[in-house]
Amino acid sequence: MKTRSTLLIASVIVIALISFISNPFAEGKPTVTVLLKEQRTEYWDVVIAGAEKGFRDFGVNGNVLAPANATTEEQIELLERILDDDPDVLIVSPIHPDSLIIPLERFIVKDIPVLLLDTDASWENKTTYVGTDNFDLGRRAGSLIGSQLQPGDKVAIITGDEDSPVAGDRMRGAEVRLKEIGINVAAIITQLSNEPEQVKEVMETILEAHPDLKGVVATTDGMALSALHVIQDHGLTIPVTGADGLTEMVELIESGALSGTVAQNPYDMGYLSVEAAAKVYRGETIDQNIDSGVDIIVKGNAKQRLDFLRSLLK
C-alpha cells in the first residue's frame, strides 16, 4: 500500500509539473505596464480610467506611465526602465511607431508580449493592436458631413501627419467617402498640430479661398474646436466633425451649436487592452486586431455620452 501511495503522489506531482510547463501562467496575478503617449489630457485620462477598471476586473497588477513632454525620446527612455522591471505584458501607445520598433524588440527577446494601443504599426512581433479602425472613422466622418450637404458642396479636411497610421488613415477614409457621395473635397491641409493658433490661421486661409465652404472634417477634436471658433467668428453655421468625443465637443452638440461628430472610444481601448493582456498572460489566443469601435454622436445621445464622461473625470 505504501508503494502504491508513493507512486500515486509522484504521478500527481508529475502531472502538476507538466500542467505548469504547458501553461506557466495558469496561476498568479500578472504585472502589466501601460505606456501612453502623454500625460493628463482628457483623452488619455479616459483611456486610463478604462485601463484601471480592467486592472480591477481582470485581477491585474497594473501600472500606467507616460512621458512628461510627449516625445519619442522620453518613450524610449521609459521603455528601458520598464524592461528592467520585467513586466509580464507591455501595452504601449507609440508616438512614432517606427522609432520604437528596436526598443520593443528587446521585450520580445525577453518573451514579454507587446500589445499596441491607440496607434498601430506594421510590426510582425506585436501581439495585437487594440484601438480604432481609423480609416473607418474617416469614412464615417465623411458620411456624417455628407448627410447634411448636397452633391457638389465643398468640404475641407484638416489633419496632422498624412503618413501617420492615425491621422493619415482618417484623412484618406474621409476623402474616399466624400468623393463617393459626390462632395467636392476643396482643400486637404496636412501636418497640423492641435495648436489652436496654427489651426485658426489655416482655417482663415481656407475660408478666404473658399467662402462657399459647407463643411470641415478634422482628424482630432482639438483641430475641430479651433476650426469651429473661426467659422463662428465669420458668422457661419457649417458642420464640423472631430474624432475623439471629448467633453467640449459633446457639449456643443448637446447645446445645438454642432449637429454631430464621430468619436472613438478611449475608455473601451484602455479596458479591452488590459483584458487582452490578461488573456495573453493566461496563454489564451486573442485576435490580432481588437477594434474598440466608432460612435456617431448627435443630439439624441449626447447627454448620455456627457454623463459617462463626467462620471469618469470628476
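Tutor: Angles here run from 0 to 180 degrees between the N-to-C directions of lines fitted to C-alpha atoms. Keep that in mind as we look at this predicted model.

Student: What angle do helix α9 and helix α11 make, and how far apart are their axes?

Tutor: Helix α9 (residues 247-255) and helix α11 (residues 299-313) pack at about 145 degrees, and their axes are 9 Å apart. The crossing of α9 past α11 is left-handed.

Student: Which residues make the contact between α9 and α11?

Tutor: Contact means heavy atoms within 4.5 Å. On the α9 side, Val250 and Ile253 are among the residues that take part, and on the α11 side Leu306 and Leu309 are among them.

Student: How many residues of each class does this contact have?

Tutor: It has six nonpolar, two polar and six charged residues. Val and Leu count as nonpolar, so Val250 and Leu306 belong to that class.

Student: How do you know that β3 and β4 pair?

Tutor: Pairing needs at least two bridges, and β3 (residues 89-92) and β4 (residues 114-117) have three, so they pair. Their sense is parallel, and Val92 has Leu116 in β4 as its bridge partner.

Student: What is the strand order in the open sheet?

Tutor: The six strands run β2-β1-β3-β4-β5-β11, with parallel pairing.

Student: What makes β2 and β11 edge strands?

Tutor: Each of β2 (61-65) and β11 (289-291) pairs on one side only. From one strand to the next, the twist averages 20 degrees.

Student: Which strands does helix α2 lie across?

Tutor: Helix α2 (residues 42-57) lies across β1, β2 and β4, at about 165 degrees to β2.

Note on methods: Residues numbered from 1 in each chain as written. Predicted model: local features only at pLDDT ≥ 70, side-chain atom pairs only at ≥ 80, totals over all residues. Heavy atoms only, no water. Helix = DSSP H or I, 4+ residues; strand = E, 2+ residues; numbered from the N terminus. Left-handed = near helix turned anticlockwise from the far one by under 90°.
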